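Subject: Structure handover

Hi,

Here is the structure I promised you. Please open it beside this email and follow along.

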Amino acid sequence: MSESGKVVCVTGASGYIASWLVKILLQHGYTVKASVRDLSDPKKTKHLVSLDGAKERLQLFKANLLEEGSFDSLVYGCDGVFHTASPVAFTANDPQAELIEPALKGTLNVLRSCAKSPSLKRVILTSSMASVVFNGKALTPDVVVDETWLSDPVFCEKSKLWYMLSKTLAEEAAWKFAKENGIDLVSLNPGFVIGPLLQPTLNFSVELLRNHIIEAKFPNINYRYVDVRDVALAHIQAFEVPSASGRYCLVGHVVHISDALNTLRQFYPNSSIPDQCGDDKPLVQGYQVSKEKVKSLGVNYTPLEVTLKDTVESLKEKGFLKL
């Protein structure tokens, strides 16, 4: 499939999902205008400029999420905008400054730039399951989470779930702004994204999986895993499929971390991957995330064992893990 001649913008292009998104957009023939925070930092740019097609069709721009107007030149003349830039951390000394402001103000700054661009067809927002499931409802085996679920900002704040709050407020604000300004917005809500790394640094979600592999015991926790390559493709489908609208949950597999580690132990039988839980309670039961709506985008999830093995091989190759 070739989309030669189409120009799109990717914010936060050096990030984990965004790097894969840029790679596949270039493969599909798009011209990509991409923002990074620091053009002089090779850790943020080198892996992007070395992608196939980058020399001919990738332009890098410096832009700051908190600076209104800094995305104007980036967005102007684009057919589509993929807004992926947002800080990811589960702890913060100053949640307002470190997480909430960049997520909320950054999203609105990008959308204000979008509202000024007459060529723009659609905006794809990288949101998160963090803005879907954190509302106090119990996640039991009979529960099916879908796109109608919304995280509750009050619940997130009371529970000090600052990252979840930042994603919830940013997505809420995006829908309100898009409606008021006639922007065709589609929101993608991926779960815990894992898979091979393109960037030279460890991102939050892959680092957490790596930590579970090397620690003595595993926590009693379920994960909503999804392959980074599936997430990147879903972004492009959300832009290209005319009927795409609203929100899309992107979760390939809800599994207990023990099951993920058991799968990896089969690939690496001589490793010291933990096989004991950190507490003596019964293992937390799983639940389901609906795959119905995302089927309309033509997304087929990568088998979990493929994603897990590819993640570990990538970690080993980049020197982040020895097994």
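One term before we start: a polar contact is a pair of N or O atoms within 3.5 Å; within protein, one of them must be able to donate a hydrogen and the other to accept it. Also keep in mind that this is a predicted model.

Start with the sheet. Three strands make up an open sheet, in the order β8-β9-β11. Their pairing is mixed. The edges are held by β8 (192-194) and β11 (253-256). Each has a single partner strand, so one side of each has no neighbour in the sheet. On average, neighbouring strands are turned by 45 degrees against each other, direction ignored.

Now look at how β8 meets β9. Strand β9 covers residues 222-227. The two strands run parallel, and three bridges join them. Val193 has Val226 in β9 as its bridge partner.

A helix comes next. Helix α12 (residues 304-317) packs on this sheet. It touches β8, β9 and β11. The direction of α12 makes about 60 degrees with that of β8.

Finally, find Asp227. It lies in strand β9. Is Asp227 buried or exposed? Its relative accessibility is 2%. The cut-off for buried is under 20%, so Asp227 counts as buried. What does Asp227 touch, leaving out residues up to four places away in sequence? The contacts are Val193, Ile194, Thr302 and Thr307. With Thr307 there is also a polar contact: the two side chains are joined at 2.7 Å.

Best wishes

Terms used: Residues numbered from 1 in each chain as written. Predicted model: local features only at pLDDT ≥ 70, side-chain atom pairs only at ≥ 80, totals over all residues. Heavy atoms only, no water. Pairing = 2+ DSSP bridges. Helix = DSSP H or I, 4+ residues; strand = E, 2+ residues; numbered from the N terminus. Axes fitted to C-alpha atoms, helices over the stretch in contact; angles between N-to-C directions. Contact = heavy atoms within 4.5 Å. Buried < 20%, exposed > 50% of the residue type's maximum accessible area, 1.4 Å probe, protein only.
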